[in-house]
Amino acid sequence: MPKDGGIGASTKRREDIRFLTGTGNYTDDINIRGQAYVHFLRSDVAHGRIKGIDTAEAEKMPGVVRIFTGADFEGVGGIPCGWQVTDRHGAPMQEPAHPVLAQGKVRHVGDPIAAVVAESREQARDAAEAIEVDIEDLPAVIDMKAALEDDAPKVHDDLSSNLCFDWGFVEENREAVDKAIKEAHHVTTLELINQRMVANPMEPRVVVGDYKRANDESTLYTTSQNPHVIRLLMGAFVLGIPEHKLRVVAPDVGGGFGSKIFHYAEEAFCTFAARKLARPVKWTCTRSEAFMTDAHGRDHVTKIELALDKDGKFLAIRTDTHANMGAYLSTFAPSVPTWLHGTLMAGNYTTPLIYVNVKAVFTNTVPVDAYRGAGRPEATFQLERVIDKAAREMEIDPVELRRKNFVREFPYATPVAVEYDTGDYDATLDRLLEMIDRDGFAARRAEAAKRGKLRGLGINCYIEACGIAPSNLVGQLGARAGLYESATVRVNATGSISVFTGSHSHGQGHETSFAQVMSEMIGIPAEQIDIVHGDTANSPMGMGTYGSRSIAVGGSAMVRATEKIIGKARKIAAHLMEAAEGDIEFKDGQFTVAGTDKAVAWGDVCLAAYVPHNYPLEELEPGLEETAFYDPANFTYPAGAYAAEVEVDPETGKVTVCGFAAADDFGNVINPMIVEGQVHGGLAQGIGQALLEGCVYDESGQLISGSYMDYAMPRADDFPAFRVDHSCATPCTHNPLGVKGCGEAGAIGSPPAIVNAVVDALQGGGIDVTHIDMPLSPGRVWQAIQGAN
Amino acid sequence: MTSVSMTVNGKPVSGEVEGRTLLVEFLREGQGLTGTHVGCDTSQCGACVVHVNGEAVKACTIFAAEAEGAEVTTIEGMAEADGTLHPIQQAFQDHHGLQCGFCTPGMVMSAAALLKENPQPSPAEIRDYLEGNICRCTGYHNIVKAILAASGQDANAIAAE
Amino acid sequence: MYNFEFERPSTVEDAVRALAGDEAQALGGGQTLIPTLKQRLAMPSKLVSLTGIDSIRGVCVADDGAVCVGGATTHATVAREAAAAYPALAALAGQIGDPAVRNRGTIGGSLANNDPSACYPAAALGSGATIVTNAREIAADDYFQGMFETALEEGEIITEVRFPVPQAASYQKFDQPASRFALVGVFVARFAEGVRVAVTGASAEGVFRWHEAEAALAKNFAADALKGLSLSADGMIGDMHGTPEYRAHLAGVLAARAVAAA
């Protein structure tokens with residue numbers, strides 16, 4: 001039994017109290033005396049040349065403080081991209097400028113043209129309506145393949161084409177893969193779309209820029225998953241403010257799912273305007289505005305081919321993907337379809353030859369970047385769908401086909417550059433089969449048929465690379481940042497502890513789970529430990545939270561800092577007990593001398609450190625505070641097996657999810673309650689992608705799904721009760737906690753299960769449909785049924 | 001500007017508002033009650049649900065002037081004065097019915113309205129009632145469990161759906 | 001939103017007077033109008049809230065058996081109070097929006113707006129209801145005049161909607177997955193003198209009666225009677241949620257289900 005409040009306990013979350021009582025501190029709850037409000041005048045055309053902006057009338061409107069346009073940002077840096085991909089031919093990607101406010105051209109609906117700062121929100125909006133903008137409409141490119149045609153309009157006039165890069169991975173495998181596919185016994189081909197998604201954290205983005213002229217200090221309050229990254233990008237690359245004069249605070253943040261990783265123009269604008277005006281400037285995004293300004297996710301069009309031998313052994317995989325970058329390169333956009341996608345194409349299988357080609361394309365749409373899973377859902381979806389299709393074509397049971405190809409020996413070096421340290425894919429698949437009563441499925445299908453419904457069962461596996469990431473490796477891959485994490489452990493004089501972590505919690509519950517780790521290590525109650533995050537003024541340089549990295553990287557940094565603390569405390573205890581350091585044992589908050597009854601409590605050691613009267617001052621500094629930076633040796637590789645059972649109403653095309661089961665291997669787990677919650681949330685986003693959600697542009701670049709009236713957010717009644725299990729645990733071999741991370745698994749593993757299940761349902765009903773593109777909305781499923789009949 | 005008066009969480013309050021001032025603006029900006037959140041502009045997400053005269057209402061879709069004379073309860077009015085959580089709040093913590101916390105005030109207020117109407121709802125009735133409350137974090141599973149528990153039922157009954 | 005003057009009269013007469021000015025607009029529950037105002041798609045100089053008028057709120061049964069719903073009655077009230085007298089109407093009201101929306105949204109607001117995907121128009125047209133205003137009575141057949149178009153004059157207020165109660169009725173709604181408005185909704189009502197079938201959500205012209213289905217069901221009120229009948233996709237709405245063909249098809253499926261459930 002885990003100790004209450006320690007590792008492995010389902011400790012209730014401490015942060016809940018403020019959220020449940022309405023006393024959280026979200027960015028929009030921050031109001032600074034004297035603040036002005038900004039409204040952005042945004043482009044309503046997808047592509048146009050700005051011929052003129054007349055702000056004369058608007059300047060005279062009531063309450064207007066100042067109106068800014070692109071001209072005010074000449075000489076100011078653009079929004080930078082944090083990752084550079086090198087293409088197949090060794091050339092760097094094409095990297096366009098991304099001005100804070102549009103200069104010369106607008107490139108997507110929502111691109112900011114001007115910013116009105118006024119005394120109130122409504123006054124700012126009133127004045128924005130009075131700005132006259134002369135825009136020459138240009139033809140827009142929305143479809144990626146059309147954007148690559150020779151005569152396509154160019155999103156960026158100064159680039160040679162709309163192709164950002166043409167990436168081959170692993171380029172040396174290309175010919176061998178072609179040959180293996182040509183000569184194989186069987187090749188299964190699938191063309192599919194991984195549709196554009198909108199992350200939609202429930203809290204829209206908010207920015208408050210503040211400036212204290214006397215000290216030349218800027219403070220940015222922002223809805224961010226990584227305040228230090230924003231400070232670095234905005235300070236160094238956009239505004240030229242050194243770090244010591246720029247504080248970034250990300251207080252309580254209402255969800256992120258990737259969309260709050262990136263540095264956005266509004267952050268730079270409010271910081272810039274606050275400095276120019278010497279007063280606070282606030283921007284609160286509306287949901288409608290969020291749809292056209294938050295970076296979108298996914299948006300891949302893929303052809304995948306899987307070559308098999310006559311026994312179903314995988315021989316080779318070849319994929320051809322077009323990845324939409326949108327109009328500009330968002331912070332980590334180039335990494336998503338490449339290193340977060342290509343490296344996962346081996347899945348859980350021993351396929352010896354893999355070649356991934358990705359063409360990244362600029363279009364007149366909102367920039368696309370990481371969304372929960374980022375690249376890994378795209379890899380998993382195509383792989384697990386093509387395996388299912390192959391199983392059907394070769395008449396092999398889909399579960400058995402997967403088992404025939406499982407990786408079983410670890411460490412396993414894939415042909416796509418990563419090395420799985422550990423795993424047991426049979427174990428999670430076995431566990432899943434125990435959970436879902438596969439033998440009883442035929443009876444359930446027959447019963448459904450009596451009600452006129454087609455029942456289907458879809459099963460798939462997944463693997464992801466999390467705990468992002470080894471800095472030296474990602475540096476070689478194009479990252480312009482390190483991906484370590486930091487922690488400072490500050491032990492106070494009476495023994496209570498404040499941990500300052502570079503990780504950021506926006507729903508993940510770090511304040512509780514990180515404290516559990518500390519409580520376990522020190523042996524004091526978790527209530528005596530506080531986890532502080534989200535403020536660059538407090539925490540050492542940190543890289544923030546995404547890629548299921550917090551516990552694996554941030555937690556490890558905290559462990560390393562705490563080990564330093566314990567090491568020093570042991571020396572102090574040895575001095576206090578007049579014993580040799582090697583004889584000191586530390587357990588449950590007590591230092592003892594082995595083989596004696598001598599003991600000194602944690603609190604006494606801490607007090608001695610800060611009141612060093614009886615203290616080895618010649619050997620040790622007073623105080624008890626340590627910092628560690630942890631850079632992981634490898635990614636972590638959570639993996640598992642998922643199953644969906646669905647019913648299709650053949651008359652309407654409506655899909656009902658009857659059951660969903662997930663068996664995950666997350667390695668060691670700190671707080672099972674929180675881990676299960678993370679999986680539930682991931683499943684909802686994955687099932688949401690499979691059945692409901694999708695961002696749609698029309699041919700002219702207007703955003704059709706621009707609000708919750710058309711973008712189908714999953715509701716409670718869209719889901720069954722989930723069954724989740726993480727009892728199959730192969731601890732990570734290279735981090736001190738043996739943890740792998742759990743934040744993205746649900747979103748990565750669930751879409752193929754749903755689509756596999758729907759195809760199975762239709763096939764079971766004698767309807768020969770082999771694939772339907774997501775979201776499997778009733779209209780699309782009905783259309784597919786009509787097509788097959 | 002017109003003046004409005006209402007009772008918020010048992011206390012009489014009043015203020016000057018424009019015709020267009022929404023109740024949620026009056027609460028957040030006028031009264032400093034920032035627990036009521038705004039997550040959309042199409043009256044769908046439900047982060048702003050409060051009770052007006054005992055009924056769940058989206059505070060972003062009612063003008064402050066329409067609440068003239070009303071009894072308004074917000075999330076800040078749910079716990080006891082000594083900080084003891086309302087049973088629904090406590091159940092949300094016990095069953096991990098929240099993650100980022102942004103939708104939570106609206107969820108709790110909707111749950112309270114549900115249990116007033118239907119003291120022992122089934123899991124399906126809970127899911128149906130939450131149609132106007134969007135949560136992006138939890139997948140709703142633990143919210144349903146929390147509401148079952150708050151209604152005195154076995155939270156594990158969710159598995160019997 | 002743009003600013004406006006706000007009035008909340010307590011009588012119909014005062015409301016009519018308040019609405020007489022230029023650019024004054026009536027405000028029912030506001031569940032559609034307020035989001036529209038937020039987008040700055042409307043610019044009334046004055047909003048006249050009808051929620052303070054007690055005389056146009058509530059549900060009652062008239063001597064002739066008709067269910068009379070006051071124009072400012074919320075969906076939640078109809079769902080609760082019409083359940084005994086007209087279950088299909090109450091069930092329809094209970095499917096509009098979500099609970100918080102139903103606590104504010106009103107029947108008068110819905111019918112005055114006549115959204116092509118709204119539920120209430122199907123009930124009114126399917127029941128052959130009478131829309132009563134401060135000035136006159138309008139038969140449902142004359143009231144709906146196309147998408148967002150009605151027979152209401154400027155400043156005219158819906159004070160009551162009178163629903164004849166059919167022998168059997170059912171409303172089948174198929175949700176648009178995002179908005180949860182009706183992608184298609186079909187209201188079927190069987191009266192002694194005939195059958196009415198009203199379809200919402202499907203047509204670009206708004207709610208309409210499916211006369212062919214009515215004729216077939218008048219002869220034989222059974223789902224099978226609709227076999228072989230189909231609506232033309234011409235004039236149906238096509239959008240990211242469904243093609244015109246899909247909507248036409250759904251109307252047939254839902255009509256049959258409504259008959260079976262009635």
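How many salt bridges does the rule find across the interface of chain C and chain B? There are three, counting a side-chain nitrogen of Lys or Arg within 4 Å of a carboxyl oxygen of Asp or Glu. Bear in mind that this is a predicted model, where local features need pLDDT of at least 70 and side-chain atom pairs count only at pLDDT 80 or more, while totals for chains, interfaces and linings use all residues. Residues are numbered from 1 along each chain as its sequence is written, and side-chain values use heavy atoms, with hydrogens and water left out.

**Chain C against chain B**

- One salt bridge joins the side chains of B:K58 and C:D98, at 2.6 Å from N to O.
- On the chain C side, the elements giving two or more residues are α2 (33–38), β3 (46–49) and α5 (99–102); helices here are DSSP runs of H or I with at least four residues, and strands are E runs of at least two, numbered from the N terminus.
- The largest share, four residues, comes from α2(C).
- In contact terms (heavy atoms within 4.5 Å), 31 residues of chain C meet 22 residues of chain B.

**The sheet in chain C**

- Four strands make an open antiparallel sheet, ordered β9-β10-β11-β12; strands pair if DSSP finds at least two bridges between them.
- At the edges sit β9 (168–175) and β12 (208–209), each pairing on one side only.
- β11(C), residues 194–200, pairs with β12(C) over two bridges in the antiparallel sense, and C:A198 stands opposite C:R209 of β12(C).

Definitions and conventions: Chains are lettered from A and ligands numbered from 1 in the order in which they are written.
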